[in-house]
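Q: I have a model open and would like to learn to read its features one by one. Where do we begin?

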Amino acid sequence: MTHTYTNNLINETSPYLLQHAHNPVDWHAWNPETLKLAKSQNKLLLISVGYAACHWCHVMEHESFEDTLVAQVMNKGFINVKVDREERPDVDQVYMNAIQLMTGHGGWPMNVIALPDGRPIWGGTYFKKEQWISALTQISKLYIEKPEKLYDYADKLEEGIKSMDMVSLNSDAPIFKTEFMKESVTNWSRQFDYKDGGINRAPKFMMPNNYHFLLRFAHQNNDKRLLDYVNLTLKKMAYGGVFDQIGGGFSRYSVDTKWHVPHFEKMLYDNGQLVSLYSDAYLITKNELYKNIVTKTLEYIKRDMTIENGAFYSSLDADSHNSDGNLEEGAFYVWQKEELKSLLKDDFNLFSDYYNINDYGLWEHNNYVLIRKDDDNAIIKKYNITKDQLTEKTNNWSNILLKERDKREKPRLDDKTLTSWNAIMLKGYVDAYRVFGTKDYLDAAQKNATFILNKQLREDGGLYHNYKNGNSNINGYLEDYATTIEAFLALYENTLNETWLISARNLTNYTFDHFFDEKSNMFFFTSNEDDSLVSRNIEYRDNVIPASNSMMAKNLFKLSHYFDNEHFKRTALTMLNNVKPEMKEYPSGYSNWSDLMLNYTSPYYEVAVVGKDASSKISELNKFYIPNKLIAGSTSENNLPLLENRFIPNETFIYVCVNNTCKLPVSNVEDAIKLLTP
């Protein structure tokens with residue numbers, strides 16, 4: 001006999017929480033009412049954190065949370081709280097720090113037991129059913145018989161958690177030198193995989209921000225070996241199964257060293273950043289492969305991840321139902337040889353050479369994950385065909401297989417919208433427009449930016465973090481402001497529409513009012529209007545997404561130039577100086593900070609373009625890779641500090657300034673480029 005259960009999560013909007021709404025576990029969402037309940041009943045909190053595209057989260061749900069015996073143990077001893085880490089990164093971070101301290105490693109699903117006041121006492125990641133029941137039973141017993149032991153432990157752990165994400169003010173003079181950065185990159189390069197790209201271990205994550213910085217560093221320092229390594233990495237990622245060769249878009253990471261078999265979930269934030277990275281890499285190399293990757297990725301975003309109002313969904317799950325009706329990782333994306341033969345007919349041999357339907361591309365259970373090995377020229381030569389013929393064939397194969405794949409059951413979609421991830425994707429679109437000039441990309445960017453301004457910006461000037469079906473109910477985190485400001489600045493530079501520049505400044509002022517820590521001159525992750533957690537963290541280490549503080553420091557650096565703002569300028573400098581002592585030891589965790597440091601170690605240019613042809617001259621300028629510049633522009637009189645008194649009717653001039661000194665204005669882009677690349 002089947003039981004139908006419904007718990008409190010039925011009232012939530014997060015797809016991940018809704019997936020658990022019919023578990024026999026009496027789940028609650030994280031909110032003040034739930035925390036009050038734990039205190040009033042003097043019960044331990046059991047906090048389980050995951051996200052919709054997380055494979056092992058689903059496994060643990062199936063094994064434990066859908067099991068009535070496990071549910072009895074959980075419901076009897078605990079107030080059970082389910083958290084979507086993407087909706088509540090603040091809660092996730094506090095308890096992730098606790099897990100790191102307790103066990104030395106972290107990941108999801110993350111399961112923590114805390115005292116009724118929220119302070120953690122025990123935790124881990126994935127547990128098998130028997131382990132889980134045993135641990136919960138022992139902790140329940142200890143809490144009843146010797147609660148003082150758990151309280152003592154919570155006190156000690158709390159001190160550790162509070163010290164983990166704190167930054168102290170660095171009182172040394174801020175000195176940033178190219179030698180420091182070279183040493184840092186040399187340390188880092190010991191981990192490089194010069195055969196397959198990326199870092200020399202598995203699993204392999206793309207870490208787009210790392211390669212953004214390394215690309216720029218190599219370019220600005222004429223380091224050919226480093227540039228070759230970055231291009232090798234970009235090529236191998238583009239050739240790998242980690243890129244969806246048929247439908248476009250990247251998965252989160254590959255489980256092997258050759259970027260072949262991914263963990264098949266696709267996240268919006270990876271794809272947004274990778275579009276930006278491949279666009280910039282194209283400017284340096286003019287490699288058609290990179291353009292193709294951007295095109296196909298944005299086709300995927302438009303087709304599968306975009307809502308009518310211009311907002312973007314969050315992710316696609318790794319699992320989908322296979323032909324037997326069972327949930328299986330990658331089922332939607334893999335192919336069997338016989339199936340391909342019948343679909344591609346006479347083209348099968350060429351296809352199987354191109355995408356390795358052989359031992360190199362074989363995964364498991366006779367499934368193939370498409371992966372490239374040889375470049376187009378090798379295939380053209382081997383099969384004696386032209387470049388155009390090969391392009392026609394690959395496009396045709398994609399159409400045939402995409403049509404066939406669409407008959408399969410699609411992976412589950414996480415259809416909530418997160419402001420920070422939307423801003424990352426918006427910036428991806430702006431960067432693609434800047435490099436390739438495709439108007440559709442700019443339209444998509446402006447539509448998304450308008451969505452953020454109209455739907456996510458509140459009357460008090462603050463942002464919401466989430467959006468679904470017209471509802472936004474979670475106050476924005478620093479990451480929402482940092483990513484939105486960065487995206488709006490990029491949009492201003494490419495449209496000269498001052499709405500985006502002024503909005504970026506207003507959001508920055510809001511972060512000073514609600515997130516700034518006067519002691520360290522850094523920004524807290526949560527607003528001073530949010531309910532307090534065990535600790536109020538400062539997120540400053542760059543990860544798959546750069547740290548909210550490194551993004552803010554870069555934003556302040558740029559805004560200080562636009563508005564001639566000394567406070568912004570000083571804060572950016574202090575923030576970078578604060579993290580400098582850690583940067584050399586662990587460079588891959590500080591790549592966005594390193595990118596900012598390049599603005600201080602080499603000349604940084606302000607480019608003001610004023611006059612009736614300002615937009616077309618900026619488009620021309622953008623065809624060159626010059627990462628150490630910002631652009632301001634206007635087609636009429638303008639009182640922005642960089643534009644004031646520079647308008648001359650019927651003329652368009654380009655002013656190049658560095659360190660408060662301007663060169664004589666020039667009227668053509670070639671002369672401006674000479675001033676920018678001395």
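Q: Which residues point one way from β18, and which the other way?
A: Tyr 605, Val 607, Val 609 and Gly 611 point one way, while Glu 606, Ala 608 and Val 610 point the other way. All are buried; buried means under 20% relative accessible area, exposed over 50%, and partly exposed in between, with a 1.4 Å probe and protein chains only. Strands (E, at least two residues) and helices (H or I, at least four) are DSSP runs numbered from the N terminus. The model is predicted: local features need pLDDT of at least 70, side-chain atom pairs count only at pLDDT 80 or more, and totals for chains, interfaces and linings use all residues. Residues are numbered from 1 along each chain as its sequence is written, and side-chain values use heavy atoms, with hydrogens and water left out.

Q: In which sense do β18 and β19 pair?
A: Strands of a sheet pair through backbone hydrogen bonds, either parallel or antiparallel. Two strands count as paired if DSSP finds at least two bridges between them. β18 and β19 pair in the parallel sense over six bridges.

Q: What is the order of strands in the open sheet of three?
A: The order is β9-β10-β13, with antiparallel pairing. β9 (266–267) and β13 (413–414) are the edge strands; each has a single partner strand, so one side of each is left without a neighbour in the sheet. β9 and β10 (residues 315–316) pair over two bridges. Lys 266 has Leu 316 of β10 as its bridge partner.

Q: Which residues touch the most other members of the largest nonpolar core?
A: A nonpolar core is a set of buried Ala, Val, Leu, Ile, Met, Phe, Trp, Tyr and Cys residues joined through side-chain atoms within 4.5 Å. The largest here has 161 residues, and Leu 214, Tyr 278 and Trp 593 touch the most other members. Helix α17 (residues 419–436) gives the most to this core, with eleven residues. Apart from it lies another core of 19 residues, among them Ile 246, Phe 351, Ile 379 and Trp 397.

Q: What is Trp 593 in contact with?
A: Contact means heavy atoms within 4.5 Å. Leaving aside neighbours within four places in sequence, the partners of Trp 593 include Met 522, Tyr 540, Asp 542, Met 575 and Leu 576.

Q: How many cavities of 30 Å³ or more does the structure hold?
A: Work on a 1 Å grid over the protein atoms alone: a cavity is a set of points where a 1.4 Å probe fits but cannot get out, a pocket is an open set with protein on both sides within 12 Å along at least five of seven lines, and lining residues have an atom within 4 Å of a point. The structure holds five such cavities. Of its 40 lining residues, Asp 280, Lys 427, Glu 486, Lys 554 and Lys 558 are the closest to its centre. Its lining divides into 17 nonpolar, twelve polar and eleven charged residues.

Q: Which helix gives the most to the lining of the second largest pocket?
A: That is α12, with nine residues. This pocket holds about 870 Å³ of space. Among its 31 lining residues, Glu 288, Leu 289, Asn 292, Arg 372 and Asp 376 lie nearest its centre.

Notes. Grid points are joined across faces, edges and corners, and a volume is the space filled by probe spheres set on the points. Ala, Val, Leu, Ile, Met, Phe, Trp, Tyr, Cys and Pro count as nonpolar, Asp, Glu, Lys and Arg as charged, and the others, Gly among them, as polar.
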